Amino acid sequence: MSQSRNQPSARAVPADLVDEKIVIAYYMAALTFITISMLAGLLVALQLVRWNPFNGAELLSPGRWRMIHTNAIAYGFLANAFLGTLHWAVPRLTFHKVASKALSWFIFYAWQVIVLATAAGIVIGPTLQDQPWVMELAKQTHLPMGLGAQGLEWGETPFWIDPVALLGLLLVAVNFMVPIGRSKGPMYVTLWYFMAAFVWTFLTYAMGNLLPEYAVAGTSAGAIGGLFIHDLVGLFVTPLGWGLMYYFVPILLKKPIWSHGLSLVGFWGLAFFYPLQGIHHFLYTPIPMFLQYGAVISTIAVELVVATVVINFFGTLGSKGYDQFVNNLPIRYFYTGMVFYFITCFQCALQVTLTFQKLIHFTDWVVGHAHLVMFGVFSLWLFGIMIYLFPRLLGRPWYSQKLLTYHYWLSAGGLFVMFLDLTLAGVFQGWYWASLQPWDASTNGSTPFWIVRVFAGLAMFGGLLCFLYNLWMTAKGAESVDESPALAAAAT
Amino acid sequence: MFESKTGIFFIAGIGFFVLAFLGNGAVPMLMYKDRPEKTAEELVNKRVMNQFRDLAERYPEQFQAAFGAASEEKCAEALRLGRQIYVGEGCWHCHSQFVRPVSNESRRFGPVSKSEEYDNELQRPVLFGTRRVGPDLSREGGRRGNDWHAVHFYNSRTVSTDSPMPAYPWFFDGSPDKPNRRGLALITYIQWLGSWLPEYPYYEELAEVRGE
């Protein structure tokens with residue numbers, strides 16, 4: 001591995017190309033927020049099984065912390081981990097530094113302020129809600145908004161932070177577009193995804209946070225809201241995630257991607273079909289039916305595109321890939337994520353049909369699906385990348401390979417149990433409701449599943465603790481506990 | 001073009017995004033653009049006023065401190081605040097406001113939701129919801145009394161034995177018979193949901209319940 005350590009190509013890399021400190025800083029922020037997010041998830045899970053020890057405490061209300069859970073993962077963990085990794089990957093791919101080091105650090109701090117302000121708004125906002133001046137403001141502007149969360153999934157970011165977040169996203173785009181613009185010759189597939197993602201993220205965030213709040217109400221706002229939550233996954237998280245896979249997988253396997261043509265199909269297919277599907281989140285709503293059909297068809301179309309991407313990566317892994325899958329830990333995370341991605345997308349092609357929607361809409365099935373894609377795919381990928389990068393950033397091997405494998409099994413295993421459990425729970429809930437039994441039947445019938453979910457979540461959290469302890473010991477410079485450090489280093 | 005910077009920036013980045021926005025966002029916006037968006041003042045109706053007055057009679061001291069007299073203007077204020085509480089506390093993450101035409105939902109909850117029900121400022125952003133841990137609330141108004149709601153918000157398990165809903169004691173000044181401004185506003189908002197329907201809930205058709 002050491003030969004290819006700092007060399008994505010034969011060309012020499014200037015020493016100060018990558019600001020390694022900012023990569024570490026972003027990763028620290030990301031790990032902090034995923035810890036908070038998982039604790040918030042645990043709180044909500046405990047509430048559902050009626051074991052919440054803090055029930056009745058205003059600032060620990062599960063309703064508010066449910067929003068912390070989702071926002072901390074999207075904007076705290078994924079965004080921070082992606083930004084950190086972009087600071088590593090973009091300069092290496094373009095051979096140019098980011099636009100400005102000072103700007104990079106400004107964005108870093110600004111982003112943490114945005115995420116923390118979002119969290120503060122969500123937790124404290126509703127408490128301040130009935131202050132007379134807040135009510136007066138809302139009345140004068142005819143905007144039924146509060147200091148706390150907005151009523152839009154993943155757009156809960158209080159309205160007073162939205163402009164700052166938008167400015168931040170614009171600066172991110174500028175900071176990374178400059179090196180991409182300076183690079184000469186054909187661009188590698190990773191950069192297509194990154195470039196598109198910078199444009200898409202800004203546009204998506206602007207659309208979702210401004211239009212339903214200021215411009216439209218009612219059903220058409222629902223269509224925009226569906227487009228927003230969908231594009232946030234499809235046009236922010238997905239292209240950055242796949243872009244990074246196209247970058248790291250060939251480096252770790254030491255061979256080029258299997259088919260350049262398929263990567264073209266994957267990119268353009270995603271770019272065309274993914275944004276067309278927003279309305280599939282609100283099937284059977286009063287949104288016009290022909291638009292719902294359109295969203296269903298383009299969703300099924302994108303699953304075919306996804307299949308080409310997954311085939312391309314398994315082609316790259318090749319016939320002797322099993323060894324790599326077992327022994328090369330980041331590759332194991334990446335390909336596990338890809339298997340989960342395929343499951344997610346296959347599931348998506350089924351659940352988007354009106355037949356499935358009848359049964360599973362509004363149930364835990366959807367919650368399982370969301371966990372599978374956000375944790376099972378993108379979080380596992382980012383952990384795989386961190387496992388590859390931390391020894392390079394810190395200049396020493398991991399303290400313990402064994403703890404890393406614990407992290408892998410607890411995270412991937414716990415997640416998979418949670419996914420199966422919630423999917424099954426969703427089917428039960430759908431049938432309880434349709435059978436017209438009293439509502440309690442559905443919540444009582446869900447309780448065994450919710451209990452399993454608590455323990456699956458605890459396993460995932462245990463995995464995270466293994467990772468954090470391992471990182472702490474590595475950063476501290478503790479002697480590696482692996483039996484054969486040379487072998488361990490080779491495996492990373 | 002498919003691998004060039006301009007192609008990716010303009011066609012994939014901006015072009016396809018705009019195309020999708022036109023198809024998925026602009027079409028419904030244009031279809032519904034002529035329908036007026038009602039303000040909270042316009043949403044106040046006899047049924048919700050009746051509930052609002054009931055709150056004033058039931059909790060006179062608390063109501064006096066929070067809203068003064070039970071006027072229509074104050075009722076609109078309560079609806080706005082109630083909706084903000086509903087959003088801010090995350091109620092809409094466990095309760096939908098949208099009755100689907102499938103899965104026996106119209107038999108459980110009431111009439112299937114229609115587009116015009118959402119043309120008002122209290123549906124900005126629209127609260128279709130994403131998950132139903134608890135039941136749909138879009139036809140909840142008038143189903144239960146204000147005292148039931150007060151006790152239920154204070155501690156749901158008092159009236160619904162196995163409810164997984166959290167307790168909200170901060171809507172009260174110490175006990176369930178003393179809802180504060182936030183509690184009164186939220187109860188008003190909940191009682192408003194579905195009150196615009198011509199025939200719902202069924203027992204509300206009695207003249208004295210309708211406040212006539």
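Biologist: What makes up the secondary structure of chain B, helices or strands?

Modeller: Chain B has nine helices and zero strands, and the pattern read along its sequence is accordingly α-α-α-α-α-α-α-α-α.

Biologist: How do you know what confidence the predictor has in chain B?

Modeller: On a scale from 0 to 100, the mean pLDDT of chain B is 90, and 94% of its residues reach 70 or more. For the complex, the predictor gives an ipTM of 0.92 and a pTM of 0.93. Where pLDDT is low, the predicted coordinates should not be read in detail.

Biologist: What share of chain B is made up of buried residues, and what makes a residue count as buried?

Modeller: A residue is buried if 20 or more other C-beta atoms lie within 10 Å of its own, and by that rule buried residues make up 51% of the 212 residues in chain B.

Biologist: Why is A:Pro448 called partly exposed?

Modeller: A:Pro448, which is placed in helix 15 (residues 439-476) of chain A, has 13 C-beta neighbours inside 10 Å. A residue is exposed at 12 or fewer and buried at 20 or more, so A:Pro448, with its 13, counts as partly exposed.

Biologist: Why is helix 2 of chain A called oblique to helix 6 of chain A?

Modeller: The axes of helix 2 (residues 62-94) of chain A and helix 6 (residues 189-215) of chain A come within 11 Å and cross at roughly 125°. That angle makes helix 2 of chain A oblique to helix 6 of chain A, because roughly perpendicular ends at 115 degrees and roughly antiparallel needs over 145.

Biologist: Which residues meet where helix 2 of chain A passes helix 6 of chain A?

Modeller: From helix 2 of chain A come A:Leu86, A:Ala89, A:Val90 and A:Leu93, and they meet A:Thr190, A:Leu191 and A:Phe194 in helix 6 of chain A. The crossing of helix 2 of chain A past helix 6 of chain A is left-handed.

How values were computed. Residues are numbered from 1 along each chain as its sequence is written. Chains are lettered from A and ligands numbered from 1 in the order in which they are written. This is a predicted model: local features need pLDDT of at least 70, side-chain atom pairs count only at pLDDT 80 or more; totals for chains, interfaces and linings use all residues. Helices (H or I, at least four residues) and strands (E, at least two) are DSSP runs, numbered from the N terminus. Axes are lines fitted to C-alpha atoms, for helices over the stretch in contact, and angles run from 0 to 180 degrees between N-to-C directions. Angles under 35 degrees count as roughly parallel, over 145 as roughly antiparallel, 65 to 115 as roughly perpendicular and the rest as oblique. A crossing is left-handed if the near helix is turned anticlockwise from the far one by less than a right angle, and right-handed if clockwise. Two residues are in contact if their C-beta atoms, placed from the backbone, lie within 7 Å.
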